[in-house]
Amino acid sequence: MAIARPVRALGLAAIVMWCFFLWQIFRPSGQISNQYKSFERDPMLDSTGEPEGILRPATSGNYAPGPGSDRINATLLALVRNEELEGMLQAMGDLERTWNHKFNYPWTFFNDVPFSDEFKQKTQAVTKAECRYEVIPEEHWAMPSWINKDLYEESVKILKEQEIQYADMISYHQMCRWNSGMFYKHPALADTQFYWRVEPKVHFFCDVDYDVFRYMQDNNKTYGFTINLYDAPASIPTLWPETQKFLAQHPEYVHKNNAMDWLTDKTRRPAHNAKANGYSTCHFWTNFEIADLSFWRSKAYEDYFNHLDRAGGFFYERWGDAPVHSIALGLFADSSSIHWFRDIGYQHIPFFNCPNSPKCHGCVKGRFAEGADWLNQEDCRPNWFKYVGMG
Ligand SMILES: Nc1nc2c(ncn2[C@@H]2O[C@H](COP(=O)(O)OP(=O)(O)OP(=O)(O)O)[C@@H](O)[C@H]2O)c(=O)[nH]1
Ligand SMILES: [Mg+2]
């Protein structure tokens with residue numbers, strides 16, 4: 001019996017769809033569909049060693065715990081809640097194993113409420129280095145007096161409609177503001193120059209054998225990052241316009257070797273740039289950052305932060321410390337003082353920095369994202385490499 005042509009066509013279409021469906025499920029992991037690829041070839045697949053420049057291995061000095069060492073004024077720094085103890089122990093364990101057991105830099109923990117005895121005992125047990133536990137002063141954490149509560153409530157509703165994650169958690173807004181403009185004002189950091197920010201639950205994969213803080217100091221680095229991402233434009237619609245207002249008042253703060261082209265790129269994701277009113281949304285993912293506190297303490301940054309803080313976007317929108325830090329660095333820092341730590345294997349779900357190096361274990365070399373293919377399009381490193389380079 002002959003089958004009618006439309007039925008045959010329908011049958012064929014169903015088979016093709018079925019094959020496509022199976023391919024989507026069973027295609028080899030790590031193979032990203034072209035639609036979402038950021039690079040022709042990810043530079044992380046190239047063999048990665050230590051950075052160029054002056055490096056000090058642990059054997060070059062006295063890095064034993066206690067006073068009188070060759071450590072510089074630097075700390076590992078974590079803002080964390082008592083409830084996140086398990087995740088913090090895991091992240092600490094990774095960083096101690098891969099790096100800090102060789103250098104014994106102190107850990108400084110910050111919290112908006114006092115740390116529990118259990119938190120103190122268990123974190124101190126993971127490291128030979130000194131641990132400090134600090135409470136954030138109320139005036140650094142509280143919503144500022146000039147924020148209108150009704151307007152805040154209304155704004156949260158709009159942000160939620162736009163599916164901005166955590167927009168209805170006031171503590172998230174407070175955390176972003178504290179990380180943007182408050183942490184470096186805590187008295188406990190008064191004598192500290194460099195910090196390495198660590199969040200609970202992050203992973204470190206690679207043995208790092210040089211003093212990372214000394215590397216920053218000896219090679220005139222202001223800021224170090226691992227991952228570069230696009231932001232959700234709906235969380236920051238007025239951040240760039242406010243920045244432009246600030247720049248009109250203070251053109252003198254812009255560094256001559258700035259990264260303005262990186263900040264304003266609209267070639268790769270024009271819709272993001274348009275929705276963020278001129279900002280590419282490309283930012284350093286600040287849950288990892290190694291930086292010189294003098295940058296945040298500079299007059300340029302202080303004036304910039306105060307301008308933003310008064311504008312209210314930490315509460316009326318959901319400005320994150322990542323775009324705020326990144327815009328400031330792109331404008332006020334010498335872009336050659338910003339370093340990609342390609343050799344530090346790192347993960348904060350769902351993104352990775354996983355180098356091709358025998359020193360790395362536990363991550364897939366060159367993998368950028370895990371969970372869904374489309375996450376790969378959030379990778380903004382190609383822009384940084386294009387405008388500034390890989391150094
Ligand atoms: N003490 C304290 N720490 C907080 C608070 N909110 C966030 N943090 C910390 O701030 C950091 C960032 O918060 P996260 O909730 O991880 O924010 P995120 O990384 O944007 O979100 P995830 O993708 O869910 O990890 C983490 O180290 C948290 O432990 C808070 O209210 N109090
Ligand atoms: Mg986090």
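**Notebook: the shell around ligand 1 and the fold**

I began with ligand 1 and sorted its shell into 4 nonpolar, 3 polar and 4 charged residues. For this sorting, Ala, Val, Leu, Ile, Met, Phe, Trp, Tyr, Cys and Pro count as nonpolar, Asp, Glu, Lys and Arg as charged, and the others, Gly among them, as polar. The residues surrounding ligand 1 include Arg81, Glu84, Asp112, Met175 and Asn287; a residue is near the molecule if its C-beta atom, placed from the backbone, lies within 6 Å of it.

I noted that this is a predicted model, in which local features need pLDDT of at least 70 and side-chain atom pairs count only at pLDDT 80 or more, while totals for chains, interfaces and linings use all residues. Residues are numbered from 1 along each chain as its sequence is written, chains are lettered from A and ligands numbered from 1 in the order in which they are written.

**Whole chain**

I looked up the secondary structure and found 15 helices and 12 strands in the protein chain. Helices (H or I, at least four residues) and strands (E, at least two) are DSSP runs, numbered from the N terminus. The C-alpha atoms fill a box of roughly 90 × 50 × 45 Å along the principal axes. I then looked at burial: 39% of the 391 residues are buried. A residue is buried if 20 or more other C-beta atoms lie within 10 Å of its own, exposed if 12 or fewer, and partly exposed in between, with C-beta atoms placed from the backbone.

**Helix α8**

In helix α8 (residues 239-249), I found Leu239, Trp240, Glu242, Thr243 and Phe246 buried. Seen down the axis of α8, these buried residues fall within an arc of 155 degrees, so they line one face of the helix; the arc is that of the directions from the helix axis to the C-beta atoms. Gln244 and Ala248, on the other side of α8, are exposed. The cover over the buried residues of α8 includes α12 (299-311), α13 (313-316) and α14 (321-332).

**Core**

The largest nonpolar core has 89 residues, and Phe194, Val198, Val212 and Ala328 have the most contacts inside it. Such a core is a set of buried Ala, Val, Leu, Ile, Met, Phe, Trp, Tyr and Cys residues joined through C-beta atoms within 7 Å. Its largest share, 7 residues, comes from α14.

**Arginine 268**

I located arginine 268 in the loop between α9 (260-264) and α10 (270-275). Arginine 268 is partly exposed, because 16 other C-beta atoms lie within 10 Å.

Conventions: Two residues are in contact if their C-beta atoms, placed from the backbone, lie within 7 Å.
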